[in-house]
Every structure is written in structure tokens, then in C-alpha cells.
Amino acid sequence: MSKIKTFYRRKLPHILPIGATFFITFRLYGSLPVAVLKKLTDKYEERIKKAYSSKEDFKQDAIELEYFEEFDDALHQIKTGPKWLGETNVAQILEKEIKKYDGVFYKLITYCIMPNHVHILIDTSIQLAGDGDPDAEDFEYTQVADIMRRIKGVSAFRINRYLQRSGSFWESESYDSYMRCEKDVRNRVNYTIYNPVKAGLVLDWREWSFTYVCFGELSQ
């Protein structure tokens, strides 16, 4: 039986099916005030509690999506906090780390580097190519949490060195969700590339320098 961890929980649940396509958002350390984050978290937990106490069926992933979109809106609207990723050289350092594992641990579908947070969409099914058995104890697979540790760890070190600073660069927990169908993938591609437009930074998504989408993945 494989020892690959496919679920863990911190502030949010993380469901990580082997070989799935994942939408991931990670942000700068201190990018949201504690009070704002607590308000969002309390609201999310209250929704979950209310849903469980009712006799009606509910979809937890729909509640989590609503939480995420409110969370993302808060990152767009916040006027304080670090925005180091808005600097070209800093964004390029991160971009290099994201692209480094394209074709190794995942197929890179899309990403957008915003001033204080990042959205990426990756397909990890390329790790299933070959004769390996995902249920075998010795099956080699790099899980999303480990992929993010690599990207965030190296980029934090290099960016801190460039900025001549020390200390935490990224918040430790990322938001992640796995795509259940092609429609989910298309929706997340569009959500990602239009993020700078939604934030009021550009009028056309193509004007944002640090947006990438794999040819053929963009739905018209």
C-alpha cells in the first residue's frame, strides 16, 4: 500500500489525489492582516457549521470556493503589506522556479504572479507515466505539498538575497483544490489569467507581464 499522503488538514483541508490537476494559490508572508484573515476564517467555519447542522444536502467544496474567492478579493483590495512580487526582477526569480519543474513533476497549464500572491494550475499526471503502480509502497511520486516546498523554499532564499532581507517570505500554508473535470480546468484557467483584470491592474489580461497559459488550454 502506498504511503503517499493524500489528505491533511491545517486551517483548511487539503485533498491531494495522486496524479490530479491542482489549482494552487500562495501568498507573501504578512500580505493580509491577522484581523482580516480571522474574519474570513470565522465566516468560513460558520458556513460549514451551519451546513452540517441543517438537514439539507450541501457541497463543502462550494463553500470552500466561496471562501477562496473572498480571500482572493481581500488580497486584491489590501493597501498595506508587502507587494514584492510586483517588482520585475523578483517575479522573474519566482517564474524560473515555477517553470523549472514543468515536464518533471507536472505539466504547467497556467500561472499568474500578482504583486502579493500567485495562482498556478498544474497537472501531476505526468508522474504516472510508465509501469509504476501508484498503490505500491515503493512508488515514487512527488506530492503537491512537496512540490510547493521546493518552489517556495528556493524562491524565498533567492528573492531574500536579491532584496537584501531575511526572514519569512511566504505564508506557510497554500490554498489548493483538485480539478474534478475539464470544465473545472477551463474555469480555473480563465480565473487565473483574468486575475489582474479583476484586481484593476490592467484592462486586458495579455497586458500583464507575468501571466502564462499553455497553448491550447485557453477557452475562448
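Tutor: Let's look at a sheet and then at some helices. This is a predicted model, so to speak of local features we need pLDDT of at least 70, and side-chain atom pairs count only at pLDDT 80 or more, while totals for chains, interfaces and linings use all residues. Residues are numbered from 1 along each chain as its sequence is written, and side-chain values use heavy atoms, leaving out hydrogens and water.

Student: In which order do the strands of the open sheet come?

Tutor: Strands (E, at least two residues) and helices (H or I, at least four) are DSSP runs numbered from the N terminus. Two strands pair if DSSP finds at least two bridges between them. Here five strands run E6-E3-E5-E4-E7, with antiparallel pairing. E6 (175-178) and E7 (211-213) are the edge strands, each pairing on one side only.

Student: How many bridges join E3 and E5?

Tutor: Seven, linking residues 21-27 with 117-123. Thr 21 stands opposite Asp 123 in E5.

Student: Which strands does helix H3 touch?

Tutor: Contact means heavy atoms within 4.5 Å. H3 (residues 88-100) packs on the sheet, touching E3, E4 and E5.

Student: Which H3 residues are buried?

Tutor: Buried means under 20% relative accessible area, exposed over 50%, partly exposed in between (1.4 Å probe, protein chains only). In H3, the buried ones are Val 90, Ala 91, Ile 93, Leu 94, Glu 95, Glu 97 and Ile 98. These buried residues pack against E3, E4, E5 and H4.

How values were computed: Axes are lines fitted to C-alpha atoms, for helices over the stretch in contact, and angles run from 0 to 180 degrees between N-to-C directions.
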